[in-house]
Amino acid sequence: MGNSVVNCNNCGACEREVVFPPGVAQKHQIVRCTNCGLMYAYPRATANIANYVAAGRTSEPLSLQTPSVMHCFDKLPDYEPIGMELRELLPQGKALLEVGCNVGVLLDRFRSQGWNVSGVDPDSRAANFARSHYRLDVKASTLEDAGYEPATFDAVVMFHVIEHLDDPAGTVGVIARVLRPGGFLVVETPIYDTLMFRLLGRRERSLSCDGHVVFYTSRTLGALLERCGFEIVAERRVGRTMSLGRLLWNVGVMSKSKAVQQMIERLSAALGLMHRGRLHLNTRDMVRVFARKTGSSENHGDNRRAQTVSRRATTTCGHEATTPKSRAGDSAGRELLNIIRGDGSRLGRPAKAT
């Protein structure tokens, strides 16, 4: 992926306006589609998946004491209950797939809840650990290359993965294909129709991550899921259980100061804070969506691509605009009106439209 024209992954349009120039919020320039409102990183020198795969090529072995593995255990209080919620929604469901399963810590817990679990992760080192330590069925692959047959799974979960994907619409289309009719997708991602984004702008913690290349609101995420053949059953603004060290790390990210980040890292290491203490913080800047596959078609991904190609064929692409209206605060103020509601619907009830 170079500097060639890149169309909006949601609607196929290529007109865009600059939200943040390169080096302001993160290393990439952040733009917004003027047709549907999706924000994304553009241009990018390399595909994001290539950077992730390269990270797994190190020969350093993983163990339960590796910091990245220990961090997976920190997330269990937030994610482990989802397996039981899916069990209530799909009492006859058996097969569950995790996209981006990392080292398999969560998949192992889902297995203990009675699911027949599978996973994919392009980091070969993480996938190998999941297979060797937990004896899990995990492929060192992207979902697109994993070769699953249509209608293989009753449930698919994807937590903090979609914002890293080069082609989220393509991946969600494949998920629709490998799910059985009536099956569920649970996706969680940062969102930007929030008070936090309005207040912090370029300092917003999730926006600051260079690995995040697509930035959703409730509306743009919902539009993607619906185009790919899903209906949203429940939507929640969720928080995160974190250690004191992880909380301080987020403060360092938001500071945009290397000196502050280094000072916090040294303090956290000296006091052993990365895995000490537990607190649950909900700033309502992440969304978790339960979406049901509708109908019996196995070609949702193909249909989605046909719609995109049609849109691209009828759109004249130009350069991105740099008008004053592209400021993040203005857009966030408009989007904020869409989230004046409760914590989202309970399971089994339609979420409020945004």
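Tutor: Start with a definition: buried means under 20% relative accessible area, exposed over 50%, and partly exposed in between (1.4 Å probe, protein chains only). This is a predicted model: local features need pLDDT of at least 70, side-chain atom pairs count only at pLDDT 80 or more, and totals for chains, interfaces and linings use all residues. Residues are numbered from 1 along each chain as its sequence is written, and side-chain values use heavy atoms, with hydrogens and water left out.

Student: Which residues in α3 are buried?

Tutor: In α3 they are Leu76, Asp78, Tyr79, Ile82, Gly83, Glu85, Leu86 and Arg87. Across the protein, 50% of the 354 residues count as buried.

Student: What makes a stretch a helix or a strand?

Tutor: Both are DSSP runs, numbered from the N terminus: a helix is H or I over at least four residues, a strand is E over at least two. The protein comes to 12 helices and 11 strands.

Student: How do you know that the span of helix α10 agrees with what it should be?

Tutor: The expected span is 1.5 Å times one less than the number of residues. Helix α10, residues 258-271, has 14 residues and should span 20 Å; its end C-alpha atoms are 20 Å apart, so the two agree. α3 also has 14 residues, and its first and last C-alpha are 20 Å apart, close to the expected 20 Å.

Student: What does α3 pack against, and at what angle?

Tutor: Helix α3 (residues 76-89) packs with helix α4 (residues 105-112) at about 35 degrees, and their axes are 9 Å apart. Axes are lines fitted to C-alpha atoms, for helices over the stretch in contact; angles run from 0 to 180 degrees between N-to-C directions.

Student: What makes a crossing right-handed?

Tutor: The near helix is turned clockwise from the far one by less than a right angle; anticlockwise is left-handed. α3 passes α4 in a right-handed crossing.

Student: Which residues of α3 and α4 meet?

Tutor: Contact means heavy atoms within 4.5 Å. Leu76, Tyr79, Glu80, Ile82 and Gly83 of α3 meet Val105, Leu106, Arg109 and Phe110 of α4. These residues divide into 6 nonpolar, 1 polar and 2 charged. Ala, Val, Leu, Ile, Met, Phe, Trp, Tyr, Cys and Pro count as nonpolar; Asp, Glu, Lys and Arg as charged; the others, Gly among them, as polar.

Student: Why does Thr241 count as buried?

Tutor: Its relative accessibility is 13%, which falls under the limit, so Thr241 is buried. Thr241 lies in strand β10 (residues 230-242). Leaving out residues up to four places away in sequence, Thr241 touches Asp74, Pro77, Asp78, Arg278, Leu279 and His280.

Student: Why does Cys33 count as buried?

Tutor: At 2% relative accessibility, Cys33 is under the limit too. Cys33 sits in strand β2 (residues 30-33). Its contacts beyond four places in sequence include Cys8, Cys11 and Leu38. Cys33 and Cys8 are 25 residues apart along the chain, with C-alpha atoms 6.3 Å apart.

Student: What makes α6 mostly covered?

Tutor: 10 of the 11 residues of α6 are buried. One of these is Gly173, at 3% relative accessibility.

Student: What does pLDDT tell me?

Tutor: It is the predictor's confidence in each residue, from 0 to 100. The protein averages 81, and 76% of the residues score at least 70. Over residues 297-354, pLDDT stays under 50. Where pLDDT is low, the predicted coordinates should not be read in detail.
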